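The entries below are kept in the order in which I looked things up.

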Amino acid sequence: MVTGEHKTPNYMAIFWWLAAFTAVEVAYSSLLPHSEKTLLILGLVGFAAIKATLVALYFMHLKFERKSLGIIVGSTLILGVILVSVGMAEHWLPRP
Amino acid sequence: MEAIALTHAPAHGHEEEYTTTGIPHDKMGMWVFLCSEVMFFTGLIGSYIVLRFATPLWPPPASVLNIPLTAMNTFILICSSVTMVQALAAISRGDARKMKLFLCLTLLFGATFLSIQGVEYWKLVHEGFNPHVSLFGSVFFTTTGFHGFHVFCGVVCMAFVTGKAFLGKYTQARHQGIETLGLYWHFVDLVWIVLFTIIYLI
């Protein structure tokens with residue numbers, strides 16, 4: 001029972017997109033030279049973000065939920081990003 | 001503020017519980033739990049990233065880990081997610097037979113994922129890659145191990161829910177348990193999507 005009525009998404013289409021992105025990720029990782037570190041990280045994180053968003057929006061039905069639930073989940077994600085960024089800051093910021 | 005909970009049966013026969021948030025209590029509880037899980041895994045992933053950047057000689061993951069095997073395992077977990085959501089869709093339209101079929105498939109995929117992860121661990125340990133051999137080994141086994149434990153808990157809950165489904169406890173009007181477990185299951189899949197990319201591919 002998802003909150004509110006909505007049209008059932010095409011789950012199989014989402015599944016094939018996820019499978020395709022996984023295949024592309026593995027190929028991208030193995031074909032791109034590892035000297036291209038920035039390109040590798042940006043590309044792979046981008047693919048993972050798209051896949052995670054598809055799962056959250058369509059399989060977890062976040063797209064069809066109330067805005068309040070989106071705010072709760074969104075706040076958690078922002079806190080998560082802050083946590084990782086603070087950890088990374090040690091390496092980005094110049095040492096005294 | 002006093003919470004107001006009303007229960008009524010709308011015209012289409014679905015018995016739904018309405019709350020001040022408009023979201024059923026068990027579903028809201030699961031979402032709050034998942035938010036805490038986000039922070040838990042953020043701590044693990046954040047530690048991995050920080051340690052990796054701080055260590056100059058980090059082995060390329062592909063030189064130690066079996067990427068094709070894990071890619072297949074990722075595909076299996078994605079399959080389990082789609083069968084889980086199909087089980088919910090089936091019972092939502094009153095098809096109990098398909099719901100049971102999809103729940104069994106989800107259980108099978110979850111158990112397969114755990115078995116493959118067990119084989120992967122066994123091979124790695126026999127090749128000398130274990131939690132105390134290096135920093136990479138330590139964070140690899142901690143992070144993937146905690147995820148594996150979450151999958152294990154999901155499989156146990158899935159077995160319970162599947163059993164209830166076979167006892168006819170879920171109907172078109174009452175199947176919140178399947179949706180709540182489904183949320184947990186998809187979350188575990190989502191976390192694996194991130195872990196696979198960060199630990200195995202980068």
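**Entry 1. Overall layout of chain B.** I note at the outset that this is a predicted model. I counted 6 helices and 2 strands in chain B. Reading from the N terminus, I found the order β-β-α-α-α-α-α-α. I then took the extent along the principal axes, and the C-alpha atoms of chain B fill a box of roughly 65 × 45 × 20 Å.

**Entry 2. Helix 3 of chain B.** I checked the length of helix 3 of chain B, residues 67–92, against expectation. Its 26 residues should span 38 Å at 1.5 Å a residue, and the end C-alpha atoms are 38 Å apart, so the two values agree. Just after this helix I looked at Gly94(B), which has a positive phi of about 85°.

**Entry 3. Helix 4 against helix 5 in chain B.** I looked up the pair formed by helix 4 (residues 96–126) and helix 5 (residues 135–166) of chain B; their axes come within 9 Å and cross at roughly 155°. Angles over 145 degrees count as roughly antiparallel, so helix 4 of chain B is roughly antiparallel to helix 5 of chain B. Helix 4 of chain B passes helix 5 of chain B in a left-handed crossing.

**Entry 4. Helix 1 against helix 5 in chain B.** I next took helix 1 of chain B, residues 25–54, which packs with helix 5 of chain B at an angle of about 165°, the axes being 10 Å apart. These two helices are therefore roughly antiparallel to each other, and their crossing is left-handed. I found that Leu44(B), Ser47(B), Tyr48(B) and Leu51(B) of helix 1 meet Leu135(B), Val139(B), Thr142(B), Thr143(B) and Phe146(B) of helix 5. The contact divides into 6 nonpolar, 3 polar and no charged residues.

**Entry 5. Chain A.** I read the domain assignment of chain A, which gives domain 1 (9–64) and domain 2 (66–96). The centres of these two domains, taken over C-alpha atoms, are separated by 21 Å. I then turned to helix 1 and helix 2 of chain A, which pack at an angle of about 165° with axes 10 Å apart. That angle makes them roughly antiparallel. Helix 1 of chain A passes helix 2 of chain A in a left-handed crossing. Among the residues in this contact are Trp17(A), Phe21(A) and Tyr28(A) of helix 1, and Leu44(A), Phe47(A) and Tyr58(A) of helix 2. The residues of this contact divide into 13 nonpolar, 2 polar and 2 charged.

**Entry 6. Contact between the chains.** How many residues does each chain bring to the contact? I found 38 residues from chain A and 39 residues from chain B. Helix 1 (11–31), helix 2 (37–59) and helix 3 (67–92) of chain A each supply at least two residues of the side that touches chain B. Helix 3 of chain A gives the largest share of that side, 13 residues. By class, I recorded 25 nonpolar, 10 polar and 3 charged residues on the side of chain A that touches chain B.

Key:
Residues numbered from 1 in each chain as written. Chains lettered and ligands numbered in written order. Predicted model: local features only at pLDDT ≥ 70, side-chain atom pairs only at ≥ 80, totals over all residues. Contact = placed C-beta atoms within 7 Å. Helix = DSSP H or I, 4+ residues; strand = E, 2+ residues; numbered from the N terminus. Nonpolar A, V, L, I, M, F, W, Y, C, P; charged D, E, K, R; others polar. Expected span 1.5 Å × (residues − 1). Axes fitted to C-alpha atoms, helices over the stretch in contact; angles between N-to-C directions. Parallel < 35°, antiparallel > 145°, perpendicular 65-115°, else oblique. Left-handed = near helix turned anticlockwise from the far one by under 90°. Domains from an automatic or database assignment.
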